Structure formats: C-alpha cells, structure tokens
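Here is a short report on how one protein chain is put together.

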Amino acid sequence: MITPAKRHMMRVKAAQEAALAADSQVRPDASQYELMLAKLYEDKRRLKGIESMKTRADMKREMLPDYDPYITGVLESDAGVQDDVLTTIMLWCIDAGEYSQALALAEYAMHHNLTMADSFSRSLHCLLAEQFAEAVLISNDAVPESVLRQVGDMTFGRDMPDQVKAKLHKAIGTVLSESDPAEAIEQLKAALSLDDKSGVKTKITQLEKQLKQNKSGSESEQA
C-alpha cells in the first residue's frame, strides 16, 4: 500500500524528472522512471501467467492506482519526453475499463508524438483505435458512444491499416445501432468500404429493414 506521503513524492519526482529530461531528451536522473519501469516489468510478468482475459483485466484494474502518482506527475510537467510507462498504462486503462483516463493519456501521448515501447509492433494511434474497438466487438464492454467518437476524432486522420479503421467504424456502428440506426448504417458502410471482410453486411441489412419499417409505420400513423 502506497502512503499519501509517498504518492505525493512520486508525483513531484516524476514531474521534476520529466521536466529535466525535456531539456535534453535524455533523463539525467531517471530513478523514479526506472522504478516504474521495474514495477511495470514485474507486473507484466505476473500478468503473463494468467490466461483468463477477464482476470488479467481485473488485475490491471487493481494495479493501476500504484502508477497514478507517477502518471499525474508526468502529465503535470507536460514535458513530452518519451515514456514507455505512460504509453503502456494507457492501454491497461482501456483493458481495465478506465476509458476517461485512457483518453487523457492518449491525448498527451499523441500531442507530444510519443511512440509505443519496442515490444509493440504497431503505432500508438493504431493500438488506441484497435484496443477500443476490440473492447466493444470482442469483450462486449459498454464503451460510451462519446468515448468512441473521441477515439475516432483522434485516430481516423492518422495512417493505419484499413482493417483497424474498419474495426473502429464497426464498433461505433455497433454502439449506435439502437440509439441512431441511420448513423450506425453509415459507420458500418464505412467499415465495409475499408474491409469487405469486416462482417457488417448482415447488420447493415437488418438496420436498413428496421428503418424502412419504422418509416412505414410512421407514415401509416400520419395517414
């Protein structure tokens, strides 16, 4: 358990070190950063032995508060120095359902053109789009419409594989299918235009049939 005093010290040291590193892009005294990297390595080692994705997500949710003081310090410094801890925690926040925190870290990382650690083969914005899409399409998480729209605004203009963009369009369309079927169709059609194997044709047909029925019912009532 991290005491309030230690949390405060971690935040302050993280901010100081990030600010110093920004001057030369080299960390002159990266003790706090190194401590967080070491912790991250150990936590990853623990997660690696777990096969259940739900259990892994639950464990990440429990681990995240230990990183909060450090992450807060880095964000407060706004130095923009490369930080593999921050970018990894961004993805963990998505897995743990901490979507607002994930977006805050993503905004910082993309504003400062941070990259993912070498262990990741894809770009930060690509992973951001894919992880949020999979939270909806694979994990069936209740990701808010506003969050998905923000992810789209942040990533659609960036270069990434068409299949990943299609996956995010599909996720947005899936979330909108009940509240706004007309826009859902547009999102699903965008997914289909990018990837003809995106698996949205049946859903498009269903929604178009639904809209047609709703329109006919409305016209009948008016008559």
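On a 1 Å grid over the protein atoms alone, a pocket is an open set of points where a 1.4 Å probe fits, with protein on both sides within 12 Å along at least five of seven lines. A cavity, by contrast, is a set of points from which that probe cannot get out. Lining residues have an atom within 4 Å of a point. Grid points are joined across faces, edges and corners, and a volume is the space filled by probe spheres set on the points.

This is a predicted model: local features need pLDDT of at least 70, side-chain atom pairs count only at pLDDT 80 or more, and totals for chains, interfaces and linings use all residues. Residues are numbered from 1 along each chain as its sequence is written, and side-chain values use heavy atoms, with hydrogens and water left out.

The largest pocket holds about 670 Å³ of space. It is lined by 26 residues, and Met53, Arg56, Lys60, Asp95 and Gln131 are the closest to its centre. Helices H2 (31–48), H3 (53–63), H5 (84–95) and H7 (124–137) each supply at least two lining residues. H3 gives the most, with seven residues. By class, the lining has ten nonpolar, five polar and eleven charged residues. Here Ala, Val, Leu, Ile, Met, Phe, Trp, Tyr, Cys and Pro count as nonpolar, Asp, Glu, Lys and Arg as charged, and the others, Gly among them, as polar.

**The fold**

The protein chain has eleven helices and zero strands. Both are DSSP runs numbered from the N terminus: helices are H or I with at least four residues, strands E with at least two. The C-alpha trace spans about 75 × 35 × 35 Å along its principal axes.

**Helix packing**

Two packed helices are described by the angle between their axes and the distance between the axes. Axes are lines fitted to C-alpha atoms, for helices over the stretch in contact, and angles run from 0 to 180 degrees between N-to-C directions. Contact means heavy atoms within 4.5 Å.

| Helix pair | Angle | Axis distance |
|---|---|---|
| H4 and H5 | about 115° | 11 Å |
| H5 and H6 | roughly 150° | within 8 Å |
| H7 and H8 | about 155° | 10 Å |

Angles under 35 degrees count as roughly parallel, over 145 as roughly antiparallel, 65 to 115 as roughly perpendicular and the rest as oblique.

H4 is therefore roughly perpendicular to H5. Tyr70, Ile71, Val74 and Leu75 of H4 meet Val85, Leu86 and Ile89 of H5. That contact has seven nonpolar, no polar and no charged residues.

H5 is roughly antiparallel to H6. On the H5 side, the contact includes Leu86, Ile89 and Cys93; on the H6 side, Tyr99, Gln101 and Leu105 are among the residues. Eleven residues of this contact are nonpolar, one is polar and none is charged.

H7 and H8 are also roughly antiparallel to each other. Their contact joins His125, Leu128, Ala129, Phe132 and Val136 of H7 to Val147, Leu148, Val151, Met154 and Thr155 of H8. Eight of these residues are nonpolar, two are polar and none is charged.
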